Amino acid sequence: MNFRKSQFAEGGLKSSIDWLSMIALIVTLLAWSTAFAAIKAALFHYSPLHLVVLRFIISSLMLLPFVLFKFGLPDFRDIPFILFLGATGMLLCHIPLCIGEQTVSAGAASLLMATAPVFTAIIASAVLKEKMTFLGWISIATSFLGAAAIALGEGEFGLSFGALWVLCAAFMESFYFVFQKKLLPKYGAFRLTTYVIISSTVLMLFFGKGLLNAVAMAPLSATFTVAYLAIFPTCIAYASWAYATSRNPASLVAGSLFLKPALAIFIAWIWLEEIPSLLSIAGGAIAIMGVWLLQRSSNLEC
């Protein structure tokens, strides 16, 4: 708290910086919340592979000037680790997410992706030997119970395999959350994200066969939707997220993410006239309660 006061008191810009950081946080939440409906809309005309590759090519082209004229290249010894982050946090996250959204509603996908902090806690406990409290394990069990309910709610005659793909995406994203900590102090959030997105795009090019054909055959509206995904939920949202997290308490920023599934469901209803089943919504509420309990147990431990 003292740090924030000293940070904002300098130059008498307390009010201005508070407002800017809050606007940045709202922009991030809105952009990320629209991503699930936008992916679903684009999948009517693009395959999951082509959608992801095109999205990240556009994102990389937008971010490349930062590398060329501001950041420079990362240290050579960090490149293998940055490629690992790109593979887990981007390639192996976004491709399963898009595959899953072929059969899972956008709202349910957002609820399932909200379980990523649970996987993050499990990996941190197993790999980094971070201590897990009893309440933490109860929270994890609660979230998995909610995720199972969503998977059942999205399947017509049983378990939805699309939901399992989305859970796989959440699991892979958690690797990024855990292991990015190694390079965050060195590069900062936005610079590291820029390197990761560009490195993941290099890896994705291997899956881009037939992309030009797909772009030529898709209607402009679908291609504009993919471009929207590249510009707003990817580039702008990550930049505004980095700005917001650097100027607000971690508890406020992390807590705001609980609004994302509700916003995603509302946006999917307006955009696609789609709403998850009642069982999926109930399961989502249970899963998010588990994530909230997990965050609370971490705060209590600190």
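Here is a quick briefing on the structure shown above.

The model is predicted. Its secondary structure comes to 15 helices and zero strands. Of the 302 residues of the protein, 52% count as buried. Take the contacts between residues at least 6 apart in sequence, and 88% of them join residues at least 24 apart.

- Is L54 buried or exposed? L54 counts as buried because its relative accessibility is 10%, and the cut-off for buried is under 20%.
- Setting aside neighbours within four places in sequence, L54 is in contact with Y46, L211, V215, T223 and V226.
- L54 and A230 are 176 residues apart along the chain, yet 8.3 Å separates their C-alpha atoms.
- R55 is buried as well, but has no salt bridge. The nearest side chain of opposite charge belongs to E101, and that one is 7.9 Å away.
- What does R55 touch, once neighbours within four places in sequence are left aside? The contacts are I39, H94, V226, L229, A230, P233 and T234.
- V226 turns up in the contacts of L54 and in those of R55.

**The second largest pocket**

- This pocket has a volume of about 220 Å³.
- Its lining is made up of L64, V67, L73, P74, I79, I82, L83, Y195, I198, S199 and V202.
- Which elements give two or more residues to that lining? They are α3, α4 (79-100) and α10 (189-204).
- Helix α10 provides the largest share of the lining, with four residues.

**L183, a buried loop residue**

- You'll find L183 in the loop between α8 (161-179) and α9 (184-187).
- L183 has a relative accessible area of 3%, so it is buried, given that the cut-off is under 20%.
- Apart from neighbours within four places in sequence, L183 is in contact with D78, F81, I82, G188 and L192.
- The C-alpha atoms of L183 and I82 are separated by 8.6 Å, while the two residues are 101 apart along the chain.

**Helix α6**

- Helix α6 runs over residues 116-127, twelve residues in total.
- How does its length check out at 1.5 Å a residue? The helix should span 16 Å, and its end C-alpha atoms are 16 Å apart, so the two agree.
- The buried residues in α6 include A116, V118, F119, T120, A121, I123, A124 and S125.
- Just past the end of α6, K129 takes a positive phi of about 60°.

**Helix α14**

- Helix α14 takes in residues 259-272, which makes 14 residues.
- At 1.5 Å a residue, α14 should span 20 Å, and the distance between its end C-alpha atoms is 20 Å, so this one agrees as well.
- Its buried residues are K260, P261, A264, I265, I267 and A268.

Definitions and conventions: Residues are numbered from 1 along each chain as its sequence is written. This is a predicted model: local features need pLDDT of at least 70, side-chain atom pairs count only at pLDDT 80 or more; totals for chains, interfaces and linings use all residues. Side-chain values use heavy atoms; hydrogens and water are left out. Buried means under 20% relative accessible area, exposed over 50%, partly exposed in between (1.4 Å probe, protein chains only). Lys and Arg count as positive and Asp and Glu as negative; His and the chain ends are not counted. A salt bridge is a side-chain nitrogen of Lys or Arg within 4 Å of a carboxyl oxygen of Asp or Glu. Contact means heavy atoms within 4.5 Å. The expected span of a helix is 1.5 Å times one less than its number of residues. On a 1 Å grid over the protein atoms alone, a cavity is a set of points where a 1.4 Å probe fits but cannot get out, and a pocket is an open set with protein on both sides within 12 Å along at least five of seven lines; lining residues have an atom within 4 Å of a point. Grid points are joined across faces, edges and corners, and a volume is the space filled by probe spheres set on the points.
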